[in-house]
Amino acid sequence: MIEITDIEKIYRLGGETIKALDKVTLSIKEGEFTSIMGPSGSGKSTLMNILGLLDRFDNGKYMLNGTDVTELSDDQLAGVRNKEIGFVFQSFNLMARMNVLENVMLPLVYAKVPADERKKRATEALEKVGLGDRLYHLTNEISGGQKQRVAIARSIVNRPSVLMADEPTGNLDSKTTEDIMRIFQDLNDEGTTIVMVTHEPEMAAYTKRIVHFRDGQITEDETVTPKQLSKAEVD
Amino acid sequence: MFIKENFKMALDSIFANKMRSFLTMLGIIIGIASVIAILAVGNGAAKEITGTFSDLGATTINLTANDSDDSNAALEQEDLVVLKDSIEEIQYISPNQQISGTASTEMDSRQAVVSYGTPDLQYLSQTMSSNLIHGRYFNQIDFDENNSVVVIDTDGAEALFGRTDVVGETLSVNITQTRLDLRIVGVVEGSFADMQGAFDADQIPLFMAMPQSTVGQQVPQLAGMNSVIIEVEDTEQIEPISNQIVRLLELRNDAVGENIYNARNFLQALDQVNNVLSLFINFIAAVAGIALLVGGIGVMNIMLVSVTERTREIGTRKALGATTKTILIQFLMEAVILSLIGGMIGLTLGILLSNVIASALNIVPIYTLGSVGLVLAFSTAVGVFFGIYPARKAAKLTPIDALRFE
């Protein structure tokens, strides 16, 4: 599903050039739950931004679902992000003036889905993350954990082929973190491909595959047995 | 991206910062309000003035003859005949001279205003009604034969004879120490009867009209005609006919380019008034234009602030699939709606303002669909013009730079 080959990302600071990514080659298959783990400054976020088509790279090749996305225009990339990729950010990035339902409907607005269909699908996505009873709350009226669940609902509402999560639990306490990770595991069990960036080994332990990253290069790629959370009812 | 969503987003964002949005709109509000008020009051004033001039005679040409070298220059009787025969649009033509004198019968005497002209005078007189009660007006035969006939008004008839039906009676008039004995051929409705409340009945002069030829024959110093009133059928033709009259008289009297004949109509006076008025309107419009410019810069400023504040929002939207165009339209729409709301408030305020000014000046303000359209178009244009730069700035952000923005 995701095939990157010899990806390079070079930053120029004054006269110095820094290789944030140094010929990275990685393949992620459908249904995987992969974590990219490394210390800060290792280039893992850069890799995530490139995988999420938020950033461009200097050299290499990127095939997403068999399509070469290397040469696509900005607007074409926006279309691919909209249809194929769901994002979960560390700081949630919800729209402050919109309610929960409107936030989740936003990707469908950009996908030009008709209004009643938007509402139906957004409600389904929110029910999936256990927020079916919070549809009309404003985002500043709910807790951090709930905000991240809204963000997850938003990331899956357009049925993307891959979900990209960048330190999704970085701003959450340990109890809420477990809730979020359980939702990810449930989604993965249902077939959603997930790529998660983290610097915490405890988070990576919930995933099926850990790609270790350091100095812009992959140092280790291991398949692991994920730490199972009790299948207790959500909330 | 659907218009409805964009519209709602723009409104949300505008209302999220009510005070800021209002202050931003203030320049546009002031600009639009003054444009609307000035246009409405200006148009009202223009109509008032045009109306006044039209009442005075939108179809009237005042023809004068004046020669600096020859003080005796005057219009001949023959000139009038030629003019009326050659220019078919001329409906009536007559001198409208007036002189005061004393009218007397065996019974009584009183002050009189004597108008004299051609038989057309009955349609041109500004002092006498053309509504005959008894008899007839003096006619072309009276004029051609210098008959000593006169038409008087009912008020005068009452004063001199004690009744109105005085056709066939005689009276005498003393003007410039000459006594004219005249036979009454007609009585017209008294035009000034209703002034009797304001004036003592004895003080209202007797109004009478008689052929200019008769006056000229009996009082030679009154023979010259240097002011003639011409009435045309249609106000549209008034300017070309005025020019035609002057040209014809100059050719006929061998006076081309000597500037003797002058045909003035209300348009010239109106032109002068309109020139002053439009100068005034343009001046205020320029001031309002500056207010709008400042308002537009305010919109641009606040949109730039908004784009900076919402950089992460823009990044998120782009991550979720918003294209360059979508973001551009979103922010442009916000700028346009901001200035349109300002325009609407300005429009309302301008209407209120113009009503206050107009009632103080005692005129009726005129709102045209055009001026409302102008306001809407102008505020949209201000929004687009000053919103495009911030909107482009937002749209061109790369998703990663926008998301990383702190």
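**View 1. Where chain A meets chain B.** Two residues are said to be in contact if their C-beta atoms, placed from the backbone, lie within 7 Å. By this rule, 18 residues of chain A are in contact with 20 residues of chain B. On the chain A side, α2 (74-84) and α3 (100-110) each supply at least two of the residues that touch chain B, and α2(A) gives the most, with 6 residues; helices here are DSSP runs of H or I with at least four residues, strands are runs of E with at least two, and both are numbered from the N terminus. Sorted by class, this side of chain A has 9 nonpolar, 4 polar and 5 charged residues, where Ala, Val, Leu, Ile, Met, Phe, Trp, Tyr, Cys and Pro count as nonpolar, Asp, Glu, Lys and Arg as charged, and the others, Gly among them, as polar. The model is predicted, so local features need pLDDT of at least 70 and side-chain atom pairs count only at pLDDT 80 or more, whereas totals for chains, interfaces and linings use all residues. Residues are numbered from 1 along each chain as its sequence is written, and chains are lettered from A and ligands numbered from 1 in the order in which they are written.

**View 2. The largest nonpolar core.** A nonpolar core is a set of buried Ala, Val, Leu, Ile, Met, Phe, Trp, Tyr and Cys residues joined through C-beta atoms within 7 Å, and a residue is buried if 20 or more other C-beta atoms lie within 10 Å of its own. Of the 117 residues in the largest core, Val104(A), Ala153(A), Met164(A), Ile36(B) and Ala335(B) touch the most other members. Helix α2 (residues 18-57) of chain B gives the most to this core, with 14 residues. Not counting residues up to four places away in sequence, Ile36(B) touches several residues, including Leu347(B), Ile351(B) and Val375(B).

**View 3. Helices α9 and α12 of chain B.** The axes of α9 (residues 266-309) and α12 (residues 369-395) of chain B, which are lines fitted to C-alpha atoms over the stretch in contact, come within 9 Å and cross at roughly 30°. That makes α9(B) roughly parallel to α12(B), a description that applies to angles under 35 degrees. Among the residues that make the contact are Leu292(B) and Met303(B) of α9(B), and Phe378(B) and Tyr389(B) of α12(B). The residues of this contact divide into 14 nonpolar, 4 polar and 1 charged.

Definitions and conventions
A residue is buried if 20 or more other C-beta atoms lie within 10 Å of its own, exposed if 12 or fewer, and partly exposed in between; C-beta atoms are placed from the backbone. Axes are lines fitted to C-alpha atoms, for helices over the stretch in contact, and angles run from 0 to 180 degrees between N-to-C directions. Angles under 35 degrees count as roughly parallel, over 145 as roughly antiparallel, 65 to 115 as roughly perpendicular and the rest as oblique.
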